Each structure stands twice: as C-alpha cells, then as structure tokens.
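Q: I have a sequence and a model open side by side. Could you walk me through reading its features?

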Amino acid sequence: MRASVRRAAASLPAPCGVIDLEAFDRNISAMAQRAGGMPIRVASKSLRTRAALERVLEHPGFRGILAFTLPEAIMLARGGHEDVVLGYPTANRDALRELRSDAQLRERITLMIDSVEHLDFFDAVAPGPGVLRVAMEGDVSWWPAKPLLRGHLQYGVYRSSIREAAQAAAFARTVQARKGVRLVGLMAYESQVAGLPDAAQTPRGAAIRVIRHQSLADVPRRRGEMVAAVRDVVGELEFVNGGGTGSLESTSADPSVTEIAAGSGLFSPASFDRFRGFQHEAAAFFGLDVVRKPTAEIVTLHGGGWSASGKPGADRLPVIDWPRGLHYLHEEGAGEVQTPITGHAARGLEIGDRVWLRHVKAGELAERITDFAVVKGGIIEHFWKTYRGEGFAYL
C-alpha cells in the first residue's frame, strides 16, 4: 500500500475499505492490453460496487457485465446496462417472474443454463409468452488422459455436465425445440488456468503448472469443438465467453472465443500475488485498529476474520500489507472480534495505530463494508458505495 494512500486514509474510522484509484486505473489498462484487443466482460462479483463497474466500462477494452445473481442482473439492467450475462444458473423464483414479465429486461439479460432441468424450472415458476435469452455453459476442467482415471480425478471447477461436443449439440437441439427460450451464447471457463496460482515452488505448485500446461492445449480444442457443434445446430452465436484474469493471453488466442470474463485483477487481491505470468497492482485494502498490546511483540486488532471462501486454510486469511513484518499467531489466525498479530513490527505499534490488510478474493471485501474511500493524488476524491452500502439484497 503506497504511503500517500495510507496518509489519505489514516483518519477514516475502522474498519474501512480503500481503493487506490491510480493503481485501479493502471490495472484496467493492463488487463485490456493483456487481452490483446479481445473485449473483456467485467465480472461484477469481483467488484460489487457500481461506481467501480461504471469506471471500468468507460475503457474501450471492456464491454458488458458478467453478473453473479439474477436480482443483481436486474438491478444493473434497470440502471441502464444493456448487456448483462448471468454467469451462473439461477433458481430465484421472484426474479425469474420479474424477468419474464418485462420486455426490456429480457432484451438486456442472458441466463446461464446447462441442463433441461433449468428449462423445466423456468417453465414451472415463471410461465409466460416472453422469450428468455439463454447461454449454454460447457465444462472444460482438466481430466487425466488415461480413461481409467476419468471421472475420479478432475482439476478445475465442477460447473456443468456438458463436457463434449456431442453433448453440447444435443443440448442445443433441446433448447432450440423449447418455446420461450433462445440460445444466444456459450460459456466455457478454464478455472484451472485462469484462477489457480502457479508460482509456488512446492509439489502442489509443480502439479498445477503441469495441469496448466496440458490445459493450454486441451481447452481450446474442446471448447472449439463445442462451439462448432452448437453453431451447426443454431447458427451463429452472439458470444462465446471464456477465461479470466489469469488467462487473458491464452484465452484471447483461442479463435473460438469472442470475449473474456475477468474482474479480479482490477483489485488484484492477495491470491493474485502467486501467479507467474503477470503481476497487477494491489488496489483494494482494508484497515483495522490496534486495540490491545498484551506483550511487547503482540498487538491485537479489532475484528479481522474476513476469510475468503473456498477450502479453509491459511491461504484464505487476509494478507497483512502494512506495516511489514507482521504475521498471525499460528494458534489463532484471524478472528471475528479480535485478531492478535506478532512480528518485529509489532514493537513499534501502539493502541490506536492502523494496520492495513488485503482480502484474498476481490469482491468479497465489499460484503464487509458499506463504501470504499477512493484515493487519488494523496487525497480522498470519492466514496463509492458497495452493494451492501446501497442496501441491495445481493442474493
């Protein structure tokens, strides 16, 4: 965290969230450059702050939004965004009924599906004459080459049962035969390339690098075959979406892809410190106050247990950014009401001093605060409300 940002935010009451706007803007430009001219659909879950979304979409390298929930997609579409793709399937009955009944929303929002059960659910809970835009999601996670191991070992995200071109074609025919839906796009996200840090010099890090290398050849082939099979059924698609912050270069080189979904690199949370191929600037931080000093080398922060989602472990804890030379106590970690930390820098801290941290995942920080103080040129220029600060029921 730059000293000018720390000084500007020093008087904010804790806990507080801060965006270094100059770093944020540089990340916008760097991501667009890495994408090599292919449009980036910004993943809203990585920001969860409307003003941040608006700023990103002012850049010509970004186009459209990948939303997390249907209520969020509706909020963004009603706010003027005309191209919102829901990145995940939805079972929100009220939101589906609202979507079905509103022609403008149906033009602006695309739902994600991967099974006939999704179509049956839409018909059951939100019947009506309006046609829903839908996109198919295919799974391109890594499976080993040996057939005996397939189905027992997988690296990536379990997102869809559609893994091969024949399955994609069969499902496209199913969608095409159904009334009330229109297939307009396809999404296939290579999480084992885009989302897994690969720099660790450990056995796991070495395994990730092997899987990543194999996936760089396997994913374009399988995704391309799916896209070709679907186009044979329904004709040209409006978009084919893939990738993420960790795979901007490789995904943009895939000729079957027309856009990339990415967002985490804009804040560049702690998880992105461990990638080999690129490095963006940390742009989002949160501050906590020292409220106890039980020993000369231990201080206690008020709060701090803002662990990231996923498999529990030390790598899910917030990273202490400033002062340098601090770390968690092994027995306690980060706590909901208090977090003891230690290290040589603790000797210089007193009650009331500020410690700055970074969340491991980008958008999850916004679930903890109502606004971000936005710092540029050493001063707080704006306060950007998060979804939480707007009182938006995200799910």
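A: Happy to. Helices (H or I, at least four residues) and strands (E, at least two) are DSSP runs, numbered from the N terminus. Before we go on, note that this is a predicted model, where local features need pLDDT of at least 70 and side-chain atom pairs count only at pLDDT 80 or more, while totals for chains, interfaces and linings use all residues. Residues are numbered from 1 along each chain as its sequence is written, and side-chain values use heavy atoms, with hydrogens and water left out.

Q: Which peptide bond at P15 is cis?

A: The one from A14 to P15, with omega near -5°. Another cis bond joins W322 and P323, where omega is about 0°. P323 is in the loop between β12 (319-322) and β13 (327-328).

Q: What about backbone angles: what is phi at R48?

A: Phi of R48 is near 55°, a positive value in a residue other than glycine. You'll find R48 in the loop between β2 (40-43) and α3 (50-57). S268 is another non-glycine with a positive phi, about 50°, and its place is the loop between α12 (264-267) and β10 (284-295).

Q: Is S268 buried or exposed?

A: First the scale: buried means under 20% relative accessible area, exposed over 50%, and partly exposed in between (1.4 Å probe, protein chains only). S268 has a relative accessible area of 1%, so it is buried. R48, at 10%, is buried as well.

Q: Next, charges. How many salt bridges are there?

A: The general idea is that side chains of opposite charge can pair when their charged atoms come close. The rule used here asks for a side-chain nitrogen of Lys or Arg within 4 Å of a carboxyl oxygen of Asp or Glu. By that rule the count is 30 salt bridges.

Q: Which residue does R2 pair with?

A: R2 pairs with E22, and their closest N and O atoms are 2.7 Å apart. This links distant parts of the chain: R2 belongs to the segment before α1 and E22 to helix α2 (residues 21-34), 20 residues apart. R2 is partly exposed at 33% relative accessibility, and E22 is partly exposed at 24%.

Q: And which partner does R48 have?

A: That's E367, with the closest N and O atoms 3.1 Å apart. E367 lies in the loop between β15 (354-358) and β16 (371-376), and the two partners are 319 residues apart. E367 is partly exposed, with a relative accessible area of 34%, while R48 is buried.

Q: What does the bridge between E82 and R108 tie together?

A: Their side chains meet at 3.8 Å, N to O. E82 is in the loop between α4 (70-78) and β4 (84-86) and R108 is in helix α6 (residues 103-108), so the pair ties together parts that are 26 residues apart in sequence. E82 counts as exposed at 59%, whereas R108 is buried at 15%. Salt bridges with shared partners also join R100, D120, D123 and R178 into one network.

Q: Last one: how many aromatic pairs does the search find?

A: A pair of aromatic rings is described by the distance of the centres and the angle of the planes. Rings of Phe, Tyr and Trp (its six-membered ring) pair if their centres lie within 6.5 Å; planes under 30 degrees apart are stacked, over 60 edge-to-face, and the rest tilted. The search of the whole structure finds seven pairs. F272 and F278 form a tilted one, 6.1 Å centre to centre with 50° between the planes, and both are buried.
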